[in-house]
Protein chains: 2
Amino acid sequence: MASLTSLKVEKRLLGRQAAEAIRASIMSGALPPSERLLEVQLAKQLEVSRGTVRSALAQLAHEGLVRQVAFTKWEVSGTSVADAWELYTLRAVLEGFAARVAAERGTPEERRELEAIGRRLVQSVQAGHYEQTTELDFQLHQQIVAMARHGRLADQHRVILQQVRFHMVQAGFLPHDYEQYVAEHEALIKAVVGGHAELAERLARSHNDTEVEVLSKALT
Amino acid sequence: MASLTSLKVEKRLLGRQAAEAIRASIMSGALPPSERLLEVQLAKQLEVSRGTVRSALAQLAHEGLVRQVAFTKWEVSGTSVADAWELYTLRAVLEGFAARVAAERGTPEERRELEAIGRRLVQSVQAGHYEQTTELDFQLHQQIVAMARHGRLADQHRVILQQVRFHMVQAGFLPHDYEQYVAEHEALIKAVVGGHAELAERLARSHNDTEVEVLSKALT
DNA sequence: CGTTTGCATATTGTCGACGATTGATTTATC
DNA sequence: GATAAATCAATCGTCGACAATATGCAAACG
C-alpha cells in the first residue's frame with residue numbers, strides 16, 4: 001500500500017475535474033482558438049455551478065490555454081509565431097538544464113528506464129507509428145525532467161510542454177526528418193546515462209533549437 | 001490623452017487586490033511560514049466575500065507563497081534547503097538565458113538603462129545602503145529579463161524571483177562579500193551591453209551559482 | 001453624412017447563506 | 001489502554017441575487 005494514495009485528493013475537486021474536461025476539449029481541437037467561453041453555458045454543460053467553472057477557467061488561464069478579458073469574456077488562446085518562438089526557446093533552456101541535472105543525479109533505475117523509452121522510440125519510428133512516436137518523444141523528455149528531481153523545474157516544464165502540444169494541434173503537426181531526430185535522441189540519452197552533464201545540456205538545447213527552426217519556417 | 005488607460009483593468013478586481021494584500025503580509029514576514037490562513041477570517045479582515053478570498057489564495061498558491069491542503073486548510077509556505085536549491089538553480093538558468101537573449105536583442109536605450117542601474121548599484125554599495133543595494137540588484141536582473149522581450153520567460157522569472165525574496169526574508173538575508181559581487185555584476189553588464197551572448201549567459205549563471213553556494217552554507 | 005451621446009443588453013464580478021464533504025478531535029465502548 | 005463511534009471545525013461546492021462593466025445599437029446632434 002505504498003504508492004496508491006494519489007488519485008483521491010485530486011479527483012474529487014470539482015474545479016480540477018472541470019478544468020480537465022475543458023482542457024481536454026481545447027487540446028483535442030474541439031474548441032478552436034478565439035472560441036468564446038461562457039461561464040453559464042459551461043456550467044450547464046458540465047453540471048456544476050458558475051463558481052466552479054470560474055475556478056476551472058482561472059486554472060486554464062494560468063496554464064496559458066485560456067485568456068481572460070476582465071468584465072468581458074473568456075476565450076481560448078491562440079498561438080502566434082512569437083509565441084512559438086517563446087515556447088520552443090524556453091523549452092530548450094528548461095530541458096537543457098534538466099538534462100544536465102539528470103546526468104548528475106539520475107539513479108541507475110531511472111537511467112535504464114530512459115534507455116528503455118529510447119528503444120521504444122526507435123521501434124516506433126521504424127514501424128512508422130507517427131502518433132505513438134510523438135507520444136514517446138514527450139515521454140522521453142518528461143523522463144529526463146523527472147530524473148532531475150526538481151519540482152519547480154518540472155512544474156514550469158509541464159506548462160510549457162502542454163502549450164507546445166497545444167500549438168502542435170493548432171499548426172497541424174508535421175512529422176519531419178525522423179532520421180536526424182532519432183540520432184539526436186540517442187546521443188542525448190547516451191550523454192545523460194553516461195553522466196556527461198555539460199554535453200547532455202548542450203545536446204538537449206540544440207535538439208530543441210533544430211525544432212524551432214523547422215517550426216518557424218513552417219509558420220512564416 | 002495618450003497613455004492613461006493603465007490603472008483600470010487590474011486594480012479594481014477585488015480578487016487581485018486581496019491577493020496583493022495577503023502577499024504583502026507574507027512578504028513582509030508578518031505572516032510566518034506554516035501560519036494557517038482561515039478563509040472566513042481573511043474575508044472579514046479584508047471586507048470581501050469568501051469566494052473572493054478563495055480566488056486570491058488560489059493565485060498565491062500558483063505563486064508558491066501559500067499551500068493548499070485540500071478540504072483541510074490553507075497555510076503560508078515554508079522554504080526548505082531543497083527549495084532554496086531549486087530556486088537558485090532555476091533562477092540561474094532563467095537569468096542566464098535572459099542575459100543571452102538580452103545581449104542579442106536589447107535596444108540601445110535598454111543597454112543604456114542597464115548601465116545606469118549598474119552605476120547606481122555601485123554607488124549604493126559604496127555608500128553602504130544595503131537595503132537599497134538589494135533592491136537595485138533585483139532591478140538589474142529584472143532589466144536584463146525585460147530586455148529579452150520574452151513574455152513567458154518574464155512570467156516564470158517573476159514567480160521565481162518573488163520566491164527568492166520570500167526565502168531571503170525567512171532566512172534573514174545577510175549581505176555578504178560585496179566586492180566580488182560588484183565585480184561580477186560589472187562583467188555581466190559589459191557582456192550584455194557589448195552583445196556577447198554566450199559570455200553573458202555564462203556569467204549570469206555562474207553569478208547565481210556563487211549565491212547558491214553562499215546560501216546553502218548559511219542554511220546547513 | 002458623420003460624430004457623439006445615451007440606453008439596452010449580455011456577461012462577468014461579488015456577495016451571503018446554505019448544505020455537503022472531509023480531516024481531526026473527543027468521547028464512548030469493550 | 002486500544003479501538004470504534006460521535007462530534008466539531010473548516011473547506012468545498014451550490015444557488016440565487018445583484019452590482020459593475022463592456023459592447024453594440026439607436027437616437028440626437030452638428
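## Contacts and cover

Two residues are in contact if their C-beta atoms, placed from the backbone, lie within 7 Å. The model is predicted.

## Helix α1 of chain B

Helix α1 of chain B takes in residues 14-28. At 1.5 Å a residue, its 15 residues should span 21 Å; the end C-alpha atoms are 21 Å apart, so the two agree.

The buried residues of α1(B) are Ala18(B), Ala19(B), Ile22(B), Arg23(B) and Ile26(B). Seen down the helix axis, the buried residues of α1(B) fall within an arc of 130 degrees, so they line one face. An α-helix has 3.6 residues a turn, so residues three or four places apart point the same way. Ala24(B) and Ser28(B), on the other side of α1(B), are exposed. After the helix comes Gly29(B), with a positive phi near 95 degrees.

## Chain A overall

Chain A holds 10 helices and 3 strands. Their order from the N terminus is α-α-β-α-α-β-β-α-α-α-α-α-α. For 220 residues, a compact globule would have a radius of gyration near 17 Å; chain A has 19 Å, which agrees. Its C-alpha atoms fill a box of roughly 55 × 50 × 30 Å along the principal axes.

Of the 220 residues of chain A, 36% count as buried. Among its contacts between residues at least 6 apart in sequence, 73% join residues at least 24 apart.

## The A–B interface

In chain A, 16 residues are in contact with 16 residues of chain B. Helices α4 (50-63), α5 (81-105) and α8 (151-171) of chain A each supply at least two residues of the side that touches chain B. By class, that side of chain A has 8 nonpolar, 6 polar and 2 charged residues.

Definitions and conventions:
Residues numbered from 1 in each chain as written. Chains lettered and ligands numbered in written order. Predicted model: local features only at pLDDT ≥ 70, side-chain atom pairs only at ≥ 80, totals over all residues. Helix = DSSP H or I, 4+ residues; strand = E, 2+ residues; numbered from the N terminus. Rg over C-alpha atoms; globule rule 2.2 N^0.38 Å. Buried ≥ 20, exposed ≤ 12 C-beta atoms within 10 Å, placed from the backbone. Nonpolar A, V, L, I, M, F, W, Y, C, P; charged D, E, K, R; others polar. Expected span 1.5 Å × (residues − 1). Arc of directions from axis to C-beta.
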